[in-house]
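Student: I would like to go through this structure and ask, term by term, what stands behind each label.

Tutor: Here is the structure.

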Amino acid sequence: MDAVRLIVTSRRALAVGGGAPEILTEVWQAQALAQAIGSRLAVFGPPELRGEALGLTELAGRGCGVLDAPDLATDDLRAAQLTDLGDARQTLLCLGGLLGEVGIALVGLACAVDDETTYWQCMEAIDAADESRDRVRDMLRKLAEGEQRLPEKEAG
């Protein structure tokens with residue numbers, strides 16, 4: 001499935017909300033999807049993004065690692081459904097939006113939970129989502145710089 005469609009599906013599922021388990025499952029799904037997108041970009045993406053994409057893969061993996069892995073069937077794992085990155089810029093724009101929404105959902109959850117374990121999981125997951133989003137922004141900036149250099153080379 002196309003990356004943007006999977007991201008939209010994740011954004012919708014996150015917006016539905018629910019209790020702490022449902023939100024944490026959607027956060028985990030979003031981080032796993034970011035990890036899969038980073039892996040694909042590292043291998044198949046524009047050369048100027050490959051290093052940053054590897055970093056995204058590591059950061060998103062950390063985002064999954066700080067949370068308890070949800071009990072999902074393979075068919076329900078969105079990251080496993082990723083077959084096409086589509087346009088790298090569009091995918092990264094959408095992914096950045098999803099990671100921002102993940103952070104917002106985690107802040108809301110952290111403010112509402114009573115147990116300390118979930119609170120600290122949220123704090124670490126917020127940090128991982130924020131760092132992943134920063135990496136996405138870096139990749140978007142590199143893409144924009146590459147697009148600016150192309151007209152200069154063609155004119156010269």
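Student: What kind of model is this, and how are its residues numbered?

Tutor: This is a predicted model, in which local features need pLDDT of at least 70 and side-chain atom pairs count only at pLDDT 80 or more, while totals for chains, interfaces and linings use all residues. Residues are numbered from 1 along each chain as its sequence is written, and side-chain values use heavy atoms, with hydrogens and water left out.

Student: How many helices and strands does the chain have?

Tutor: The chain has five helices and zero strands, and the order from the N terminus is α-α-α-α-α. Helices are DSSP runs of H or I with at least four residues, strands are runs of E with at least two, and both are numbered from the N terminus.

Student: How do you know whether the radius of gyration of the chain agrees with that of a compact globule?

Tutor: The globule rule is 2.2 Å times the number of residues to the power 0.38, with the radius taken over C-alpha atoms. For 156 residues a compact globule would come near 15 Å, and the chain has 16 Å, so the two agree. Along the principal axes, the C-alpha atoms fill a box of roughly 60 × 30 × 25 Å.

Student: What does Gln-29 touch?

Tutor: A contact means heavy atoms within 4.5 Å. Leaving aside residues up to four places away in sequence, Gln-29 touches Leu-72, Asp-76, Leu-77 and Arg-78. A polar atom of the Gln-29 side chain lies 3.1 Å from the backbone nitrogen of Arg-78.

Student: Where is Arg-78, and what makes its burial class?

Tutor: Arg-78 lies in the loop between helix 3 (50-65) and helix 4 (88-112). Its relative accessible area is 10%, and therefore Arg-78 is buried. With residues up to four places away in sequence not counted, Arg-78 touches several residues, including Leu-6, Thr-9, Ala-13, Glu-26 and Leu-33.

Student: What makes the pair of Arg-78 and Ser-10 a polar contact?

Tutor: A polar contact is a pair of N or O atoms within 3.5 Å; within protein, one must be able to donate a hydrogen and the other to accept it, and residues adjacent in sequence count only if both atoms are side-chain atoms. The side chains of Arg-78 and Ser-10 make such a contact at 3.2 Å.

Student: Why is Thr-9 called partly exposed?

Tutor: Thr-9 has a relative accessible area of 34%, so Thr-9 is partly exposed. Thr-9 lies in helix 1, residues 3-16. Its C-alpha is 9.8 Å from that of Ala-30, a residue 21 places apart in sequence.

Student: How is Val-8 classed, and why?

Tutor: Val-8 counts as partly exposed because its relative accessibility is 29%. Val-8 also belongs to helix 1, and its C-alpha is separated by 7.8 Å from that of Cys-94, 86 residues apart along the chain.

Student: How do you know the burial class of Leu-92?

Tutor: The relative accessible area of Leu-92 is 0%, so Leu-92 is buried. Leu-92 is in helix 4. Among the residues that Leu-92 touches are Leu-41, Leu-49, Val-136 and Met-139, not counting residues up to four places away in sequence.

Student: Is Gly-55 buried or exposed, and why?

Tutor: At a relative accessible area of 8%, Gly-55 is buried. Gly-55 lies in helix 3, and 9.7 Å separates its C-alpha from that of Val-136, 81 residues apart along the chain.

Notes: Buried means under 20% relative accessible area, exposed over 50%, partly exposed in between (1.4 Å probe, protein chains only).
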